[in-house]
Each structure stands twice: as structure tokens, then as C-alpha cells.
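This report concerns the structure shown below. Please keep the sequence and the model in view while reading.

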Amino acid sequence: QVQLVESGGGLVQPGGSLRLSCAASGFTFSSYVMSWYRQAPGKERELVASSGGGRTTYADSVKGRFTISRDNAKNTVYLQMNSLKPEDTAVYYCKLVMTIAGVPVTGYDYWGQGTQVTVSS
């Protein structure tokens, strides 16, 4: 049973920083992509950042402010969020997708429960 557990969310003032963590367990495959998504009230869930196959990608709205990193030995992905803005307020979700030769495998994608990030003065 694959489990993803996020932590690190909270309330922060505009311009502040937070670091989210997502620890994955219960799987044996060695190749996978780990990503962060977010969903604000009344909006669709959107991709924030992704790391896998030696590549990282970011949404335009967070480039230069957010950094995704991985500790493969711990099966953990992090999201360092700096210069936070009120529009970054959302529930942040971690996602893990198994890959083979860099291609996502259908049916082998998993989500965490989400962690709330609120940016407000």
C-alpha cells in the first residue's frame, strides 16, 4: 500500500517562506516522478512543480520562488517556497507516479492527503 504523507503547511505572512515535505512509503519500484500540485478554493488542481528522470519543471507562477528537491534515500520530496504571495494560498498535494523508461505507468499514481498553506497578513 503506497502512502504519501505531507507536512509543513501553515499560515505565513506575504513575503515569508515555508518548506513542505512529502514522505512516500510502501512501494518497491525505483523509477518515479514526484510532484507537487495545489488547489485553491473554487479552482482546479494545478501542477506546481515536478521532479523525475533528472528533470525538474515548474509552473510559471512559481518560477524563481519555489524549489523542488528529492532525497531518494528517504523517498521524500520537498518544496521550498519563498517570497510567498496571497495567491499561493491553497491545499498542496504530493503525487507519485511510477515510470518505466521515463513513461508514466497507468494506474500507478498516488496522492497524499494534502496540507493547507495560507498566505495572509
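The model is predicted: local features need pLDDT of at least 70, side-chain atom pairs count only at pLDDT 80 or more, and totals for chains, interfaces and linings use all residues. Residues are numbered from 1 along each chain as its sequence is written, and side-chain values use heavy atoms, with hydrogens and water left out.

Four strands in the order β1-β3-β8-β7 form an open sheet with antiparallel pairing. Strands are DSSP runs (E, at least two residues) numbered from the N terminus, and two of them pair if DSSP finds at least two bridges between them. From one strand to the next, the twist averages 15°, with axes fitted as lines to C-alpha atoms and angles running from 0 to 180 degrees between N-to-C directions. Strands β3 (residues 18–25) and β8 (residues 76–81) are joined in the antiparallel sense by 6 bridges; S21 has Y78 of β8 as its bridge partner.

The largest pocket has a volume of about 210 Å³. A pocket is an open set of points on a 1 Å grid over the protein atoms alone, where a 1.4 Å probe fits, with protein on both sides within 12 Å along at least five of seven lines; lining residues have an atom within 4 Å of a point. Grid points are joined across faces, edges and corners, and the volume is the space filled by probe spheres set on the points. Among the 14 lining residues, V33, G52, T99, G102 and P104 lie nearest the centre. β4 gives the most to this lining, with 4 residues.

| Class of lining residue | Count |
|---|---|
| Nonpolar (Ala, Val, Leu, Ile, Met, Phe, Trp, Tyr, Cys, Pro) | 5 residues |
| Polar (the others, Gly among them) | 7 residues |
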